[in-house]
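Welcome to this structure! Here are a few notes to read alongside the sequence and the 3D view.

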Amino acid sequence: MGGGTSKIGDPSGKDTSRTLLTADQIDANIASIRTVFSRFLDFGAGAIMANNADWLDQLHYIPFLRDVGRHFTINKMLTFDSVKLRLDREQPLTFLEFNYMILQAYDFVELHNRHGCILQMGGSDQWGNIVNGIDLGRRLAGAELFALTTPLLTTSSGAKMGKTETGAVWLNAEMMRPYDYWQFWRNCEDGDVGRLLKLFTELPLDEIARLAALKGQELNDAKKVLATEATALLHGREAAEQAAETARRTFEEGALAETLPSVEIPRARLEAGLGVLAAFVEAGLVSSNGEARRHVKGGGLRVNDVTVSDEKMVLTPDHLTPEGVIKLSLGRKRHVLLKPT
């Protein structure tokens with residue numbers, strides 16, 4: 001865990017400096033990440049979740065420069081993509097961020113010294129940082145270290161996966177509900193189905209080949225299998241099947257499924273009149289009034305399955321369904337229920 005390096009921020013792939021977090025925010029993030037990884041790793045049986053704050057926070061600046069900094073040349077550091085691309089785009093790179101690659105290299109050496117780690121794995125954008133660690137390990141400890149990087153996950157159209165209209169895909173259910181996680185996989189591009197089934201499910205390869213060979217409307221069945229299997233790995237089989245059933249009832253039966261994601265709002269706000277743009281922001285379907293306004297112009301927002309044509313529309317108790325909720329929809333596949341309390 002980057003309890004130390006997150007106080008700086010990795011400049012890789014960024015045009016601007018990352019927002020600096022407080023120590024309390026960092027600790028809360030680490031605790032949250034541990035809950036996710038505890039579903040896949042057994043920390044009671046040997047798995048270790050190290051925190052680089054344990055050694056980085058104890059460093060003294062002058063000794064670190066003398067013992068570690070002397071092994072890095074500015075000439076070489078300027079050739080790494082995390083620096084070079086930022087400078088080529090004429091975006092500022094702070095001295096704080098420039099130090100990141102040295103600290104990540106030092107992390108590899110510390111993990112080797114403390115835990116016998118000899119392999120560092122990461123996305124292809126981390127190649128330069130990891131190779132620096134290999135070189136530093138050889139220079140400081142005479143260690144033979146290794147790197148393994150994998151291509152960043154992109155769609156068949158070349159777009160980077162993991163982004164939606166309202167932000168990143170989260171593994172934590174508090175940040176992204178299992179239903180929304182299921183929908184992310186269900187909405188993948190047709191050309192990605194076979195590859196994603198191989199990467200994110202444990203289905204036999206012959207079954208994956210059968211699903212990937214489906215054409216037309218039948219390919220949607222393969223996408224549903226992908227969504228259910230990927231969600232089951234993360235959130236459990238029960239949550240995955242509940243998400244699949246909610247989607248089926250919503251889209252195939254047209255029912256107002258009680259298990260759709262919901263957001264509570266004070267009844268007084270609804271009685272006073274809640275602007276439709278603000279309602280979609282509050283529901284988390286869009287990130288701003290401006291984004292909601294653009295979707296209105298494109299006919300992409302619906303209230304109780306009726307297309308919103310007036311951006312000045314105001315929601316009131318009159319919009320409540322017999323179930324006592326207001327159904328907000330973005331496109332055909334994203335829905336949230338507003339529940340007055």
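1. Two strands count as paired if DSSP finds at least two bridges between them. Helices (H or I, at least four residues) and strands (E, at least two) are DSSP runs, numbered from the N terminus. By that rule, strand E1 (residues 119-123) pairs with strand E2 (residues 146-150) in the parallel sense, over five bridges. Within this pair, Gln120 stands opposite Ala147 in E2. To get from E1 to E2, the chain passes through helix H8 (residues 127-141), and this β-α-β crossover is right-handed (with the strands pointing away from the viewer, the path from the first strand over the helix to the second runs clockwise).

2. A word on the source: this is a predicted model, in which local features need pLDDT of at least 70 and side-chain atom pairs count only at pLDDT 80 or more, while totals for chains, interfaces and linings use all residues. Residues are numbered from 1 along each chain as its sequence is written, and side-chain values use heavy atoms, with hydrogens and water left out.

3. How do H9 and H12 cross? The axes of helix H9 (residues 178-186) and helix H12 (residues 219-235) come within 8 Å and cross at roughly 140°. Axes here are lines fitted to C-alpha atoms, for helices over the stretch in contact, and angles run from 0 to 180 degrees between N-to-C directions. Angles under 35 degrees count as roughly parallel, over 145 as roughly antiparallel, 65 to 115 as roughly perpendicular and the rest as oblique; H9 and H12 are therefore oblique to each other.

4. Finally, the cysteines. Cys188 is buried, at 9% relative accessible area, whereas Cys117 is partly exposed, at 22% (buried is under 20%, exposed over 50%, partly exposed in between, with a 1.4 Å probe and protein chains only). The count of disulfides is zero, a disulfide being a pair of cysteine sulfur atoms within 2.5 Å.
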